[in-house]
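Reader: I am new to this structure and would like a close look at one part, the surroundings of the ligand.

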Amino acid sequence: MNIEDKIQWVYSSQNNQELTERYDVWAKDYEKNVDDQFGYIGPEPAADVLVKYVSPDARILDAGAGTGLVGEILHQRGYHNLEAMDISPGMLKEAEQKNVYTKLHQGILGEALDFPTATFDAIISVGVFTYGHVGSDAFDELIRITKPGGYIVFTVSVGHYENSDFQTKFTSLESSGKWENVETTEPFLCHLKKDTGVQLQVWVYRIK
Ligand SMILES: C[S@@+](CC[C@H](N)C(=O)[O-])C[C@H]1O[C@@H](n2cnc3c(N)ncnc32)[C@H](O)[C@@H]1O
């Protein structure tokens with residue numbers, strides 16, 4: 001399968017089980033494919049934004065960590081209290097080999113998360129709120145497990161945002177006093193070597 005087909009293959013997953021199986025299969029080649037062939041950026045701009053708000057000693061969850069690209073960048077920038085969570089055991093196995101996470105957790109965004117309330121100082125989630133992956137219903141649990149005053153930094157692909165209910169959800173969480181928006185970047189193309197047209201934005205919310 002070529003790389004374009006592989007991305008469509010995961011985007012078109014019909015349910016979490018199928019998505020997990022597909023990422024498990026892809027795990028070993030994921031970085032080679034997205035880095036070398038697509039010139040994937042996403043982790044860097046999100047990390048650039050996180051460092052403005054979150055101190056290096058913060059306990060941070062990388063939600064949908066995949067193979068650990070985000071953890072690797074944050075570790076290089078002095079963040080060492082990092083934990084990884086992902087639905088795919090195969091992706092987590094690759095992330096473990098980076099030696100940048102203190103703990104790895106298998107978990108499903110969009111369902112109840114196995115962490116106590118107010119556990120993390122910050123959560124980062126990159127490349128996860130996209131086609132066929134995770135919807136806006138995941139935010140209630142992410143907010144619950146973040147400490148008041150903490151931050152959730154995440155990317156949403158622009159097309160997914162426009163075709164789903166993110167705007168309604170974000171506004172509803174803001175008007176019910178759960179979080180406040182502190183930054184939203186301009187959209188940027190996340191594949192520098194191929195013209196896929198996929199654009200991401202980085203969103204930052206502060207938990208109340
Ligand atoms: C495009 S990859 C991004 C990985 C990494 N954050 C990066 O930027 O390279 C999406 C990741 O989200 C994970 N994922 C998809 N749906 C998920 C869910 N419901 N709960 C947790 N992880 C999920 C996949 O297993 C995969 O590792």
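Of the 22 residues around the ligand, which come nearest?

Author: This is a predicted model, in which local features need pLDDT of at least 70 and side-chain atom pairs count only at pLDDT 80 or more, while totals for chains, interfaces and linings use all residues. Residues are numbered from 1 along each chain as its sequence is written.

Gly64, Gly66, Ile87, Leu109 and Gly127 come nearest of the 22 residues around the ligand; a residue is near if its C-beta atom, placed from the backbone, lies within 6 Å. H2, helix H4 (69–76) and strand E4 (120–129) each give two or more residues to this shell. Helices (H or I, at least four residues) and strands (E, at least two) are DSSP runs numbered from the N terminus. By class, the shell holds 13 nonpolar residues, eight polar and one charged. Ala, Val, Leu, Ile, Met, Phe, Trp, Tyr, Cys and Pro count as nonpolar, Asp, Glu, Lys and Arg as charged, and the others, Gly among them, as polar.

H2 also packs against helix H5 (residues 89–96): their axes come within 6 Å and cross at roughly 30°. Axes are lines fitted to C-alpha atoms, for helices over the stretch in contact, and angles run from 0 to 180 degrees between N-to-C directions. H2 is therefore roughly parallel to H5, a label for angles under 35 degrees. Tyr23, Asp24 and Ala27 of H2 meet Pro89, Gly90, Met91, Lys93 and Glu94 of H5, where contact means C-beta atoms, placed from the backbone, within 7 Å. Four nonpolar, one polar and three charged residues make up this contact.

How values were computed: Angles under 35 degrees count as roughly parallel, over 145 as roughly antiparallel, 65 to 115 as roughly perpendicular and the rest as oblique. Two residues are in contact if their C-beta atoms, placed from the backbone, lie within 7 Å.
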